[in-house]
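Visitor: I would like to learn how to read a fold from its strand pairing and its packing. Please take me through one case.

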Amino acid sequence: MNIDDIKDVFQPYEKLIEIKILGETRLVPENNTLLRCFQYLSVESISFGDFCWNGDCLNCQVWVKNGDKEKAVITCRANVQPGMEIVRMSDDIELI
Ligand code: FES
């Protein structure tokens, strides 16, 4: 399974944008939820992961840098923003 197999699940996007995940810069599709961006990066582990995709399970939760603090984000409900820095993730999110 690769990105071509799931291309229909993404919202239309024209470019990839940079975000940081645990200190590493990654390129992900603009205009999509963070969980879709994770799926873009790691097709199998997210597609077959334990995710409800509708805000109920919280398995997709991450913490994003927000000034000196961290803000919890439900990634299936939050769109990616350029430059966002994810500093912690739920154990259910496995990115390759
Ligand atoms: S995937 Fe279940 S709350 Fe986001």
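Visitor: Which residue in β4 is the bridge partner of V64?

Guide: First, the ground rules. This is a predicted model, in which local features need pLDDT of at least 70, side-chain atom pairs count only at pLDDT 80 or more, and totals for chains, interfaces and linings use all residues. Residues are numbered from 1 along each chain as its sequence is written. Helices (H or I, at least four residues) and strands (E, at least two) are DSSP runs, numbered from the N terminus. Two strands pair if DSSP finds at least two bridges between them. In β4, the bridge partner of V64 is K71. The strands β3 and β4 pair in the antiparallel sense over six bridges.

Visitor: How many residues lie between β3 and β4 in their hairpin?

Guide: Two residues lie between them, and G67 in that turn has a positive phi of about 65 degrees. The pairing of β1 with β2 is antiparallel, over six bridges, and I21 has E24 in β2 as its bridge partner.

Visitor: What is the order of the strands in the sheet?

Guide: The sheet is open, has five strands and runs β2-β1-β5-β3-β4 with mixed pairing. At the edges stand β2 and β4, each with a single partner strand, so one side of each has no neighbour in the sheet. On average, neighbouring strands are turned by 40 degrees against each other, direction ignored.

Visitor: In which sense does β5 pair with β1, parallel or antiparallel?

Guide: Strand β5 (residues 85–89) pairs with β1 in the parallel sense over two bridges. With β3, strand β5 pairs in the antiparallel sense over three bridges. I86 in β5 stands opposite I21 and also opposite V64. M89 in β5 stands opposite V62.

Visitor: Which residues are in contact with I86, leaving aside its neighbours within four places in sequence?

Guide: Two residues are in contact if their C-beta atoms, placed from the backbone, lie within 7 Å. On that basis I86 is in contact with I19, K20, I21, L22, V62 and V64, leaving aside its neighbours within four places in sequence.

Visitor: How many residues of helix α1 are buried?

Guide: A residue is buried if 20 or more other C-beta atoms lie within 10 Å of its own, exposed if 12 or fewer, and partly exposed in between, with C-beta atoms placed from the backbone. In α1 (residues 34–41), seven of the eight residues are buried: L34, L35, R36, C37, F38, Q39 and Y40. They pack against β2 (24–29), α2 (43–47), β3 (61–66) and β4 (69–74).

Visitor: What angle does the direction of α1 make with that of β2?

Guide: Axes are lines fitted to C-alpha atoms, for helices over the stretch in contact, and angles run from 0 to 180 degrees between N-to-C directions. The angle is about 105 degrees, and α1 packs on the sheet by touching β2, β3 and β4.

Visitor: Which residues touch the most other members of the largest nonpolar core?

Guide: In soluble globular proteins, nonpolar side chains tend to be buried together. A nonpolar core is a set of buried Ala, Val, Leu, Ile, Met, Phe, Trp, Tyr and Cys residues joined through C-beta atoms within 7 Å. The largest one here has 18 residues, of which I19, L34, L35, C37, F38, V80 and I86 touch the most other members. At least two residues each come from β1 (16–21), α1 and β3. The largest share, five residues, comes from α1.

Visitor: Why does F38 count as buried?

Guide: F38 is buried because 28 other C-beta atoms lie within 10 Å. Apart from its neighbours within four places in sequence, F38 is in contact with I46, T75, I93 and L95. F38 and D92 are 54 residues apart in sequence and 12 Å apart in space, C-alpha to C-alpha.

Visitor: Where is N31 found?

Guide: Most residues other than glycine have a negative phi. N31 lies in the loop between β2 and α1, and its phi is positive, about 65 degrees, although N31 is not a glycine. N31 counts as partly exposed because it has 14 C-beta neighbours inside 10 Å. L58, in the loop between α2 and β3, also has a positive phi of about 65 degrees without being a glycine. With 13 C-beta neighbours inside 10 Å, L58 counts as partly exposed.
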